[in-house]
Amino acid sequence: SRTIPVVMAASGDPVGSGLVASLAHPGGNVTGLSSGLLEPYAKRVEFLKALLPRLARLAAIFNMGNPSLLPAWRVVETTARALGIEAQLLDIRRPEDLPGAFDAAAKQRAQALIVGLDGVTQGNLRPIAELAAKQRLPSIYVEKAYVNLGGLMAYGASDSDMYHRAATFVDKILKGAKPADLPVEQPTKFELVINLKTAKALGLTIPQSLLLRADEVIQ
C-alpha cells in the first residue's frame, strides 16, 4: 500500500531499500525505527577481541546478496584489521549455504565468529547457534534470541525498547500525524548479553571487564 500508514519496528536499511526517502523526511506512508547502525558491528569485533586477546582470525557470516550488509562487512573488516585480526567473509545466500560456510571457517582455522543481521540468518537462529557450538566457535550475534538458544554473546539494539518506541509512532498517527512528517528514529539503547553456560562448554572464562559491561548474564 502507498496510502495505509506503516510503522517499522526495526528496519535494517529503510533508505537503501526504498521504504523512505530519508530518515529525516520519510516522504511517504512509512515511518518508524531503523536498526541499521554500523557502529555496533565494530563493537562486536572489539568484544570478541576482549574475550580472546590472541584472536588472529575471525569468520563473519553475511548475506552479501543483501545490499545493506556490504557496509556492515566493511566495518567488520576494517575494525578487525585495526586490531590485528584477519577477517574471513562467509557469504551465505540460502539456509543450505550454512553447513558449507562453517566447514570453510574450520578449514581456515577461524577462532571466532560474528553473524550479520539478515532475513536468512534471522530465519535460521537455531541451526547457526548449533553449528557454532559444533565447531566450538565463540560467536557474537546481533540479537539476544541467539544467546537464548545457546549462542555465546549478543550485542545490539534493545528489541523491547524499539517496540515500545514504535507504539509511540502509532499513537501519533492515530492522532492525526502523517508518516511522511515523522522522522525515522534510530536505536538509543543497546544490550550486551552473555551465556555463561555456553562459555563453560567452550572452555572459556569471561573477563571481568565484559561481565561488568553485560546487561544480562545467562547462567
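View 1. A search of the whole structure, which is a predicted model, finds one cavity of 30 Å³ or more. About 50 Å³ of space lies in this largest cavity. Its lining is made up of Ala129, Ala132, Ala133, Leu137, Ser139, Tyr141, Gly150, Gly151, Leu152, Thr198 and Leu202. By class, seven of the lining residues are nonpolar and four are polar, and none is charged.

**View 2. Helix H5 and strand E6 beside the cavity.** Helix H5 (125-134) and strand E6 (139-141) each supply at least two residues of the lining of the largest cavity. H5 gives the most to this lining, with three residues. The helix H5 lies across strand E5 (112-115) and E6. Relative to E6, H5 runs at about 160 degrees.

**View 3. Gly151, a residue of the cavity lining.** Gly151 is among the residues that line the largest cavity. The residue is placed in the loop between helix H6 (144-148) and strand E7. Leaving out residues up to four places away in sequence, Gly151 touches Ala129, Tyr141, Tyr146, Asn195 and Thr198. Among these contacts, Ala129, Tyr141 and Thr198 also belong to the cavity lining. Val20 is 131 residues from Gly151 in sequence, and the two C-alpha atoms are 34 Å apart in space.

**View 4. The largest pocket.** The largest pocket holds about 470 Å³ of space. Two or more residues of its lining come from each of helix H1 (39-51), helix H2 (69-82), helix H4 (119-122), strand E7 (153-157) and helix H7 (159-174). In total, 32 residues line the pocket. Nearest its centre lie Gly12, Ser35, Gly36, Leu37 and Leu117. Sorted by class, the lining has 17 nonpolar, 10 polar and five charged residues.

**View 5. The seven-stranded sheet.** Seven strands form an open sheet in the order E4-E3-E5-E6-E7-E8-E9, with mixed pairing. Strand E4 (86-91) and strand E9 (216-218) stand at the edges. Each of these two has a single partner strand, so one side of each is left without a neighbour in the sheet. On average, neighbouring strands of this sheet are turned by 20 degrees against each other, direction ignored.

**View 6. Strands E7 and E8, an antiparallel pair.** E7 and strand E8 (residues 190-195) pair in the antiparallel sense over five bridges. For Ala157, the bridge partner in E8 is Phe190. Strand E7 is also one of the elements that give two or more residues to the lining of the largest pocket.

View 7. E3 pairs with E4 in the parallel sense over six bridges.

Definitions and conventions: Residues are numbered from 1 along each chain as its sequence is written. This is a predicted model: local features need pLDDT of at least 70, side-chain atom pairs count only at pLDDT 80 or more; totals for chains, interfaces and linings use all residues. Side-chain values use heavy atoms; hydrogens and water are left out. On a 1 Å grid over the protein atoms alone, a cavity is a set of points where a 1.4 Å probe fits but cannot get out, and a pocket is an open set with protein on both sides within 12 Å along at least five of seven lines; lining residues have an atom within 4 Å of a point. Grid points are joined across faces, edges and corners, and a volume is the space filled by probe spheres set on the points. Helices (H or I, at least four residues) and strands (E, at least two) are DSSP runs, numbered from the N terminus. Ala, Val, Leu, Ile, Met, Phe, Trp, Tyr, Cys and Pro count as nonpolar, Asp, Glu, Lys and Arg as charged, and the others, Gly among them, as polar. Two strands pair if DSSP finds at least two bridges between them. Axes are lines fitted to C-alpha atoms, for helices over the stretch in contact, and angles run from 0 to 180 degrees between N-to-C directions. Contact means heavy atoms within 4.5 Å.
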